[in-house]
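This report concerns the pairing of charged side chains and the placement of the residues involved.

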Amino acid sequence: SLAKALDASSEMERWLKDGAKDAFAGASQNSRKPQRKEKGPPPLWIYSVELSPESTKDLAAFWEKYSARLPNMTPVDDYHVTLLYLGGGSDEEVAQRHTIFQGPEDVARLREKLAHSEGREMRVEVQSIVWDERLAAAEVWGDFGEMCANKHPHITLATAPKIAPRLSNELLARRAAAQDLASGLGEWLGQLSLREYESALLEWCASMGAASPEE
């Protein structure tokens with residue numbers, strides 16, 4: 001009958017209306033769903049010279065002669081010479097830690113040079129052993145040329161508990177400042193993130209007659 005046809009038509013209309021609403025709701029939810037981004041490579045942390053197995057063995061034996069004097073220290077897991085420590089920082093932050101850089105552009109140039117030198121063999125010679133109550137390091141010479149950002153190239157040998165190996169830079173910079181305050185203070189303050197105070201501190205040391213960081 002006409003009444004039944006109208007009822008059926010109305011029911012179909014409601015069904016289509018509700019179904020369309022659900023379909024649009026689903027489309028809206030799908031469009032708002034965040035897309036999973038592909039992970040890129042992890043940030044580069046450090047450029048370094050890795051020692052050969054033979055050199056590692058010889059250096060470990062050399063360190064044994066000193067380790068008895070520093071029983072609180074534990075040898076590091078691997079011996080290497082850091083050429084450029086990035087540590088997740090920007091080029092500007094890295095430039096402020098090293099006196100050899102005039103600005104972030106110098107850091108970028110060194111990074112590029114090091115990236116193209118992977119696999120190159122280098123000669124490394126131990127010059128001296130330096131330590132304090134925190135850590136011990138071997139100051140080294142190498143044919144790095146201008147590829148080492150550290151003013152005092154070294155190999156960290158051992159550390160006390162909870163001491164980061166990278167503090168070897170501060171240890172060697174402090175020793176250099178003790179030997180010659182005028183030439184070494186800036187590098188030491190850079191390791192402490194205090195380089196902006198170099199001029200004021202040099203003036204104060206001159207007025208007070210201080211000749212070393214200990215004074």
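Asp132, Arg134, Glu170 and Arg174 are joined in a network of salt bridges in this predicted model. Within that group, Arg174 forms a salt bridge with Asp132, with 2.8 Å between the closest N and O atoms. This pair links distant parts of the chain: Arg174 belongs to helix 5 (residues 168-179), Asp132 to the loop between strand 4 (124-131) and strand 5 (135-142), and the two are 42 residues apart. Arg174 is partly exposed at 22% relative accessibility, whereas Asp132 is buried at 10%.

Helix 5 also holds Arg175, which is 36 residues from its partner Glu139 in strand 5. Glu139 counts as buried because its relative accessibility of 14% falls under the 20% limit. Arg175, by contrast, has a relative accessible area of 28% and is partly exposed.

A further salt bridge joins Arg111 to Asp91. Arg111 is partly exposed, its relative accessible area being 29%.

| Salt bridge | Closest N and O atoms |
|---|---|
| Arg111 and Asp91 | 2.8 Å |
| Arg174 and Asp132 | 2.8 Å |

Conventions: Residues are numbered from 1 along each chain as its sequence is written. This is a predicted model: local features need pLDDT of at least 70, side-chain atom pairs count only at pLDDT 80 or more; totals for chains, interfaces and linings use all residues. Side-chain values use heavy atoms; hydrogens and water are left out. A salt bridge is a side-chain nitrogen of Lys or Arg within 4 Å of a carboxyl oxygen of Asp or Glu. Buried means under 20% relative accessible area, exposed over 50%, partly exposed in between (1.4 Å probe, protein chains only). Helices (H or I, at least four residues) and strands (E, at least two) are DSSP runs, numbered from the N terminus.
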